[in-house]
Amino acid sequence: MYFTGIIIALITFIIIGLCHPLVIKVEYYSGTRYWWTFLVGGLLCIGCALLVSNVIVSSVLGVTGASLLWGIGELFHQKKRVEKGWFPMNPKRKDEYPPKRKR
């Protein structure tokens with residue numbers, strides 16, 4: 001039996017599961033100003049995936065890179081979710097959000 005696909009699937013599930021709270025925490029504590037770290041990390045992981053011959057390690061690097069690149073968009077979407085009130089706003093950074101309109 002070959003477990004390579006199952007191992008990659010489980011690791012992918014874990015990586016995606018870790019990136020979701022990472023995006024929420026980064027937006028809460030620092031806003032969207034560090035989106036470029038997701039870009040650099042994602043590109044580095046994808047670049048390294050091209051250089052690694054081990055299928056599992058290369059897959060993990062590729063999935064991590066893709067998840068970090070996807071996280072850039074999610075970071076900006078998270079800011080909009082905070083503005084809508086779906087997630088808590090960091091009170092120390094409330095001046096970074098537009099004021100709420102009264103209805």
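Met 89 lies in the segment that follows helix H3 of this predicted model. Its relative accessibility is 32%, so Met 89 counts as partly exposed. Apart from neighbours within four places in sequence, Met 89 is in contact with Tyr 28, Val 82, Lys 94 and Tyr 97. Tyr 29 stands 60 residues away from Met 89 along the chain, yet the C-alpha atoms of these two residues are separated by 9.3 Å.

**The tyrosines at positions 28 and 29**

Tyr 28, one of the contacts of Met 89, also takes part in a ring pair with Tyr 29. A pair of aromatic rings is described by the distance of the centres and the angle of the planes. The count of aromatic pairs in the model comes to two. In the pair of Tyr 28 and Tyr 29, the ring centres are 5.0 Å apart and the planes meet at 85°, so the arrangement is edge-to-face. The cut-off behind that label is an angle over 60 degrees between the planes. The two tyrosines also fall into separate accessibility classes: Tyr 28 has 23% relative accessibility and therefore counts as partly exposed, while Tyr 29 has 56% and therefore counts as exposed.

**Salt bridges and their network**

Side chains of opposite charge can pair when their charged atoms come close. The count of salt bridges in the model is four. Three of them are listed below, with the distance between nitrogen and oxygen.

| Salt bridge | N to O distance |
|---|---|
| Glu 27 and Arg 93 | 3.4 Å |
| Glu 96 and Arg 33 | 2.9 Å |
| Glu 96 and Arg 93 | 3.3 Å |

The salt bridge of Glu 27 with Arg 93 links distant parts of the chain: Glu 27 belongs to helix H1 (residues 4–30) and Arg 93 to the segment after H3, 66 residues apart. Both Glu 27 and Arg 93 are buried. For Arg 93 the relative accessibility is 5%, and Arg 93 is therefore classed as buried, the limit for that class being under 20%.

Through shared partners, Glu 27, Arg 33, Arg 93 and Glu 96 are joined by salt bridges into one network.

**A nonpolar surface patch**

Tyr 34, Trp 35, Trp 36, Val 40, Leu 44 and Phe 76 make up a nonpolar patch on the surface, and their accessible area together is about 590 Å². Which helix gives the most to this patch? Helix H2 (residues 35–51) does, with four residues. Phe 76, another member of the patch, is located in helix H3 (residues 55–84). The relative accessible area of Phe 76 is 36%, so this residue is partly exposed.

Is Ser 67 buried or exposed? With a relative accessible area of 13%, Ser 67 is buried, because the class covers values under 20%. When neighbours within four places in sequence are left aside, the contacts of Ser 67 are Ile 15, Ile 16 and Cys 19.

**The chain as a whole**

The secondary structure of the protein chain consists of three helices and zero strands, and the order of elements from the N terminus is α-α-α. The radius of gyration is 17 Å, whereas a compact globule of 103 residues would have one near 13 Å. The C-alpha trace spans about 60 × 25 × 20 Å along its principal axes.

Of the contacts in the protein chain with a separation of 6 or more, 65% are between residues 24 or more positions apart. Buried residues account for 28% of the 103 residues. The protein chain exposes about 7,600 Å², of which carbon and sulfur atoms supply 70%.

Note on methods: Residues are numbered from 1 along each chain as its sequence is written. This is a predicted model: local features need pLDDT of at least 70, side-chain atom pairs count only at pLDDT 80 or more; totals for chains, interfaces and linings use all residues. Side-chain values use heavy atoms; hydrogens and water are left out. Rings of Phe, Tyr and Trp (its six-membered ring) pair if their centres lie within 6.5 Å; planes under 30 degrees apart count as stacked, over 60 as edge-to-face and the rest as tilted. Buried means under 20% relative accessible area, exposed over 50%, partly exposed in between (1.4 Å probe, protein chains only). Patches are made of residues with over 30% relative accessible area and no salt bridge: like charges are joined within 9 Å, nonpolar side chains (Val, Leu, Ile, Met, Phe, Trp, Tyr) within 5 Å. Accessible areas come from the Shrake-Rupley method with a 1.4 Å probe; for residues, only the protein chains shown count as cover. A salt bridge is a side-chain nitrogen of Lys or Arg within 4 Å of a carboxyl oxygen of Asp or Glu. Helices (H or I, at least four residues) and strands (E, at least two) are DSSP runs, numbered from the N terminus. The radius of gyration is taken over C-alpha atoms; the globule rule is 2.2 Å times the number of residues to the power 0.38. Contact means heavy atoms within 4.5 Å.
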